Amino acid sequence: MSPNFRKRLAVAGVGVPLCALVTYAGGVVFVTGLGAAAALGYREFAAMMRGTGTRVLTLPGAVAAFLFPFVVLAGGLEGGGFFAASLMLAFPALALVTVDLSERPIRAAACTTFGVFYVGGLLALGLPLREGGPLLPAGGDAVAGRMAGTLIFFFPVVITWLADTAAYLGGRALGKRPLAPRLSPNKTVAGAVCALLAGLAAAVLYPRFLLPEIWTPNLVSTLAFGLVVAGLAIVGDLAESALKRECGVKDSSQMLPGHGGMLDRLDSVLWAVPAAFLFLFLFV
């Protein structure tokens with residue numbers, strides 16, 4: 001077993017149970033976890049942007065990314081929308097008075113806004129998913145509700161993990177044709193197909209065994225859910241690869257030994273969790 005693999009196992013051994021406990025706790029504890037991940041992810045984004053010579057608002061952006069889930073907790077999706085609109089006004093105004101014209105303040109505001117929305121805004125959609133979306137009725141047993149909410153939140157996360165594993169194994173065994181050679185040369189079409197098939201299988205099996213009394217969509221909708229989540233997880237992975245190639249870095253940071261940075265761990269989840277919530281919100 002290589003030292004790097006040991007590091008990956010050690011980080012996963014701590015991180016996975018911690019994420020499960022924070023998700024089970026829900027409420028302020030859960031949004032604090034989301035906010036911390038968003039702030040760390042935004043700081044990595046800002047560091048990569050600075051590496052290209054692009055000025056960004058590092059501290060204001062990190063604070064805004066951290067607060068995004070709290071705003072959704074307090075004001076729901078409507079509150080999140082008002083917060084987003086406020087940031088679109090605040091960041092350009094702040095950049096105009098703090099960034100020299102030679103450093104392009106409007107571009108700095110635009111990159112800051114994108115980074116906050118991309119990390120903080122997308123992660124904030126994990127909160128209504130954790131609360132059960134349209135699947136859990138209001139009221140009911142608190143303990144059962146916490147467990148159900150945790151299982152619902154981890155549904156797209158598990159699909160993402162299994163799809164990613166299938167893509168890696170399938171790509172190594174069958175992959176010849178590259179999927180997006182300019183973005184990520186090691187990803188293959190065969191790996192992507194394996195990822196989608198794994199997503200479909202997980203979408204059927206996960207609710208059958210873990211959400212038997214909660215998951216109400218029929219088989220066709222369940223398969224569509226798995227296809228959407230797994231497909232957008234692949235897109236999220238490619239988007240992160242494109243960002244790192246633009247910035248000329250291999251990993252978003254070295255914060256997590258053996259794993260890279262926070263954005264390296266969140267790349268697919270940033271797309272899969274919002275996709276799951278929006279699918280349930282629109283079609284269930």
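Select Thr 222 to begin: leaving out residues up to four places away in sequence, Thr 222 touches Ala 203, Val 204, Trp 215 and Pro 217, where contact means heavy atoms within 4.5 Å. Thr 222 sits in helix α8 (residues 219–247); helices (H or I, at least four residues) and strands (E, at least two) are DSSP runs, numbered from the N terminus. With 5% relative accessibility, Thr 222 counts as buried (buried is under 20% relative accessible area, exposed over 50%, partly exposed in between, with a 1.4 Å probe and protein chains only).

A word on what you have open: this is a predicted model, in which local features need pLDDT of at least 70 and side-chain atom pairs count only at pLDDT 80 or more, while totals for chains, interfaces and linings use all residues. Residues are numbered from 1 along each chain as its sequence is written, and side-chain values use heavy atoms, with hydrogens and water left out.

Now colour by pLDDT, the predictor's confidence in each residue, from 0 to 100. The chain averages 93, and 96% of the residues score at least 70. Confidence is lowest in helix α1 (residues 3–25), at a mean of 86, and highest in helix α4 (residues 105–124), at 98.

Stay with α4 next. Of its 20 residues, 14 are buried, so α4 is largely enclosed by the rest of the structure. Click on Phe 117, where α4 bends by about 30°; the bend is the angle between axes fitted to the seven residues ending there and the seven starting there.

Not counting residues up to four places away in sequence, Cys 111 touches Phe 45, Met 49, Thr 54 and Val 56. Draw a C-alpha to C-alpha distance from Cys 111 to Leu 129: they are 18 residues apart in sequence and 27 Å apart in space.

Beyond four places in sequence, the contacts of Tyr 42 include Val 56, Thr 112 and Val 119.

Finish at the hairpin that β1 and β2 form, with three residues between them. Two bridges join strand β1 (residues 178–180) to the antiparallel strand β2 (residues 184–188); strands pair if DSSP finds at least two bridges between them. Select Ala 180 and its bridge partner in β2, Ser 184.
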